[in-house]
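Please look at the model below. My notes on it follow as numbered points.

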Amino acid sequence: MCCFLLLSELVNSCPADLLCLAAAEYAKLPLIPPYLQPGNHQFTYGANFASGGAGALDEINQGLVVNLNTQLRYFKKVEKHLRQKLGDEESKKLLLEAVYLISIGGNDYISPLFRNYSVFQIYSHRQYLDMVMGNLTVVIQEIYQKGGRKFGFVNMGPLGCLPAMKAIKLQQGGTVECLEEATVLVKLHNRVLPEVLQKLESKLKGFKYSIFDFYTTAKERMDNPSKYGFKEAKIACCGSGPYRGLYSCGGMRGTKEYELCSNVSEYMFFDSFHPTDRVYQQLAELVWSGTHNVIKPYNLKQLFGHSQEEIPCDQFEHLPYTSNVP
């Protein structure tokens, strides 16, 4: 069993950590170290290309992160390494049976709002989404060409309602708690992602995928925290400012003073962007064995269990991404 992780999130309430936890705890895989960790040359259990803060677009946090295209380039190096180490036959089998977990997009939508960029003065929401989806589609197809058939995705969580985003909204003088523009982008992304994957499934023989509904499961806990064992779902455990939404926990960004709650298990959010371990544990179980109301068309347990027939790469063709969003 093998797992490759292209998990380029920081602000999407960190579904990257969620997918890592599900793979390690339930698939009984060892915790896969970062690809760039010194001395890490063992890839038969998979590889972890995650880079917090990265996006599908190269411009997001440029120079500070490993963007998605660079992660793809690293994957191709691993594929070459496996061929040299295991031989063509064994490496093909490993890549065919592996599960490729991808979490991407949150930083693409939040960074322009958080940093006050003018990108949405240049592009409409649809045009910007098409760029994000276009890059994601290319990466999926490139992995498919190298033998990848089984892919796991997480949709966008309620980004506009993170403590950090609510703090921004309050500073802007808004009367509604959540940042509406972020919510619009998230809902557009979550509507289009299944369309893109269904199209790929119809064109790429043997392509299988799962999408976990992170938006609904997270929002349900925000709206009904006591039902899931939480006392506080609006304010972060650690941080400063309104909702403790300033990313200052532990002295981040030079802030010497910050607040810290006394019992983190009572909180849904640990800091301005990230849920607590308790949230991860609850959702990881749903990612692994949840029903169709939270993850479909397969859960990760089913996806890891699928045996794939070998499909020659000469049956592969690049498919241009086209949006059906009106």
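1. The crossing of α2 and α3 is right-handed (the near helix is turned clockwise from the far one by less than a right angle). In this predicted model, local features need pLDDT of at least 70 and side-chain atom pairs count only at pLDDT 80 or more, while totals for chains, interfaces and linings use all residues. Residues are numbered from 1 along each chain as its sequence is written, and side-chain values use heavy atoms, leaving out hydrogens and water.

2. Helix α2 (residues 68-86) packs on helix α3 (residues 88-97) at about 135 degrees, the axes being 7 Å apart. Helices here are DSSP runs of H or I with at least four residues, and strands are runs of E with at least two.

3. Contact, meaning heavy atoms within 4.5 Å, involves Phe75, Glu79, Leu82, Arg83 and Leu86 on α2, and Asp88, Glu90, Ser91, Leu94 and Leu95 on α3.

4. Leu197 touches Ile140, Phe153, Phe207, Tyr209 and Ile211, with residues up to four places away in sequence not counted.

5. The peptide bond between Lys296 and Pro297 is cis, with omega near -5 degrees. Pro297 sits in the loop between β8 (295-296) and α11 (300-305).

6. Asn61, not a glycine, has a positive phi of about 50 degrees. This residue is in the loop between β2 (46-48) and α2. Asn61 counts as buried because its relative accessibility is 13% (buried is under 20% relative accessible area, exposed over 50%, partly exposed in between, with a 1.4 Å probe and protein chains only).

7. Arg244 also has a positive phi, near 50 degrees, and lies in the loop between β6 (238-239) and β7 (259-260). At 14% relative accessibility, Arg244 counts as buried.

Terms used. Axes are lines fitted to C-alpha atoms, for helices over the stretch in contact, and angles run from 0 to 180 degrees between N-to-C directions.
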